[in-house]
Amino acid sequence: FWPQTSPMKQILFLNEIGALTNNLNAKNSVKLCPLVSQLVAKSISDPNYCICEKALMLWESDNFMKLIHNNSTITFPILLPEIFKTAATHWCIDLRSLALNTMSLLKGCDVDTFNSFGFKFKQVESQKVMKQIELGSVWNQIVGNFCDDKKQKEILKSQIADLYVGI
């Protein structure tokens with residue numbers, strides 16, 4: 001049960017996850033790692049400052065880092081997309097910075113897994129962007145709201161298309 005409607009309870013739950021990692025043995029960590037990673041990932045992407053900060057601060061714990069490191073092939077695909085998303089789009093600049101620091105820690109933890117998953121993630125995200133550009137819905141809407149002149153719209157669409165070549 002995840003206390004979705006109460007930020008304070010979510011923070012307490014994250015504290016419990018941190019305490020849990022202090023008492024896990026290797027056998028139990030493999031079983032619980034996906035669940036813990038999903039809960040932490042959900043918290044990392046939360047718009048609430050306190051919840052996101054608490055989730056990102058879990059990496060200060062050596063035991064939590066060990067859990068993530070020992071199971072990096074399981075945890076990275078769950079955690080990295082949310083950390084990337086937070087680093088790029090969270091409303092709070094401090095949390096963006098904290099997410100970037102967390103990514104640096106993860107990269108130092110297991111460079112090969114980080115790079116391979118990061119490459120796959122970038123490919124998937126690039127494909128999403130290219131699909132949206134192909135559909136043109138977002139850019140057409142932006143250009144449509146920006147100017148009324150048909151010729152100017154075509155020029156802007158051409159410039160936007162040139163920017164995204166090679167993604």
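At a relative accessibility of 14%, Cys109 counts as buried (buried is under 20% relative accessible area, exposed over 50% and partly exposed in between, for a 1.4 Å probe and protein chains only). Cys109 is located in helix H6, where helices (H or I, at least four residues) are DSSP runs numbered from the N terminus. When residues up to four places away in sequence are not counted, Cys109 touches Met65 and His69, contact being defined as heavy atoms within 4.5 Å.

The structure is a predicted model, in which local features need pLDDT of at least 70 and side-chain atom pairs count only at pLDDT 80 or more, while totals for chains, interfaces and linings use all residues. Residues are numbered from 1 along each chain as its sequence is written, and side-chain values use heavy atoms, with hydrogens and water left out. The average pLDDT of the protein is 85, and 91% of the residues score at least 70; pLDDT is the predictor's confidence in each residue, from 0 to 100. Confidence is highest in H3, at 96, and lowest in helix H8 (residues 137–146), at a mean of 73.

Met103 is also found in helix H6. Its relative accessible area is 10%, so Met103 is buried. Leaving aside neighbours within four places in sequence, Met103 is in contact with Ile83, Phe84, Ala87 and Phe114. The C-alpha atoms of Met103 and Tyr49 are 18 Å apart, at a separation of 54 residues along the chain.

Tyr49 belongs to the contact between H3 and H6, in which Tyr49, Cys52, Glu53, Leu56 and Met57 of H3 meet Leu95, Leu98, Ala99 and Thr102 of H6. By class, these residues divide into seven nonpolar, one polar and one charged (Ala, Val, Leu, Ile, Met, Phe, Trp, Tyr, Cys and Pro count as nonpolar, Asp, Glu, Lys and Arg as charged, and the others, Gly among them, as polar). Helix H3 (residues 49–57) and helix H6 (residues 93–109) pack at about 20 degrees, with axes 10 Å apart; axes are lines fitted to C-alpha atoms, for helices over the stretch in contact, and angles run from 0 to 180 degrees between N-to-C directions. H3 and H6 are therefore roughly parallel, a class covering angles under 35 degrees, with those over 145 roughly antiparallel, 65 to 115 roughly perpendicular and the rest oblique.

H3 also packs with helix H1 (residues 7–22), the axes coming within 9 Å and crossing at roughly 5 degrees. This pair is therefore roughly parallel. Pro7, Gln10, Ile11, Leu14 and Asn15 of H1 make the contact with Cys50, Ile51, Lys54 and Ala55 of H3. The residues of this contact comprise six nonpolar, two polar and one charged.

Glu60 is placed in the loop between H3 and H4 and is exposed, at a relative accessible area of 60%. A distance of 9.8 Å separates the C-alpha atoms of Glu60 and Gly18, which are 42 residues apart along the chain.

Helix H4 (residues 62–70) packs against helix H5 (residues 72–89) at an angle of about 100 degrees, with the axes 5 Å apart. The two helices are therefore roughly perpendicular. Ile68, His69 and Asn70 of H4 meet Ser72, Thr75, Phe76 and Leu79 of H5. These residues divide into three nonpolar, four polar and no charged.
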